[in-house]
Amino acid sequence: MTINNYGFTDFFETQTLAQGLIPARVTAVFKDFFKVVSDDGEHLAKLKYVAFMDAMNTDLPAVGDFVALESYPNDTSIIHEVLRRKTVFKRSDPAGGEQLVAANFDYVFIVTSLNHDFNMNRLERYLTIAWDSGAKPVVILTKADLSDNVDPIRDEIELVAYGVPVFPVDNLSKRGFEEIEAFLKPNETIVLLGSSGVGKSSFINALSRKTLMKTSEIREDDSKGKHTTTHREMHLLESGLLVIDTPGMRELGIGQASDGLGETFQDIEQLAESCKFRNCQHGSEPECAVQDALTSGNLSEAHYQNWIKLKRELAYFERKNDPALQRAAKQKWKTVHKAIEAQYKSNLKARKK
């Protein structure tokens, strides 16, 4: 077993390492340590303090990262540097900024359940994140054995997710996995994204053909499963495929995923190019191509409303993390408040007369 079995391609091999360091891949992240794998085997590592002293959260190693390692197989190795990333999955940090979830994957498998928990708006949010990562999204529809609407739901997804492969599967009978296995190649890395209880752990077990992950039954009253994955970790399957599992996320902010938003809602973005005014807000402006499509029924109202919601979320995140935009927003509201105050004083004088 070598580092090449863990997806060490030419993209990473051409990056120069300092003398005495070797490449390694991060397979798990804990509070103070990292699990890494290199040509010296799998062992624990920690950060070289001086090298990461001023690092931002997104500069620290994540699961899937390749790093420059000072290797001590019988002790704790030292991570000196994170190699340049090919792809990266980030989410908005509730405290501000962004959190790094995983790096250097070829596909984002968006796992969603075909039972009562299916939600198109959530899927569009996940697609936005997936496209923005730089990898290719794939939609996995689990629990196909529990649904009578497999074909209608797949057709609905394919109308929105242009060119995105959609695979309905049954984790228990393994139905649908032949198509997925034919789609993937050894040494490729996939990251799984999805809410708690949609069957990610069961999907990994079915894909690996063995029990790698703990699973739990779904609740009959609301079709939701229990949260079983507690941390991010990479698994090397016997097929040679690398899988990064992530805990289910109750809230997933789209952060700065403007490119991903454009890909997910490219039908609306293309319509917007035909609006009469370049600064059209696609609300009440005249000759708005987006509103015309809504009126004619060529554009789904739910799809449009989710686009508006995510655009507002993206704008809020950008304002929150850009000092210049924060100052502009504050100045705008100061102007509005001054105008309201002036109008109030004017009306008060008029009443006194």
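A salt bridge is a side-chain nitrogen of Lys or Arg within 4 Å of a carboxyl oxygen of Asp or Glu. By this rule the count comes to five salt bridges. The model is predicted: local features need pLDDT of at least 70, side-chain atom pairs count only at pLDDT 80 or more, and totals for chains, interfaces and linings use all residues. Residues are numbered from 1 along each chain as its sequence is written, and side-chain values use heavy atoms, without hydrogens and water.

**Salt bridges**

- Aspartate 65 and arginine 85 are joined by a salt bridge through their side chains, at 2.9 Å from N to O.
- Aspartate 65 is buried (under 20% relative accessible area, where exposed is over 50% and partly exposed in between; 1.4 Å probe, protein chains only), with a value of 0%.
- Arginine 85 is partly exposed, at 23%.
- Glutamate 233 forms a salt bridge with lysine 35, and their closest N and O atoms are 3.7 Å apart.
- Glutamate 233 is buried at 19% relative accessible area, whereas lysine 35 is partly exposed at 22%.

**Asparagine 171**

- Asparagine 171 is buried, with a relative accessible area of 10%.
- Beyond its neighbours within four places in sequence, asparagine 171 is in contact (heavy atoms within 4.5 Å) with residues including Thr142, Phe177 and Gly199.
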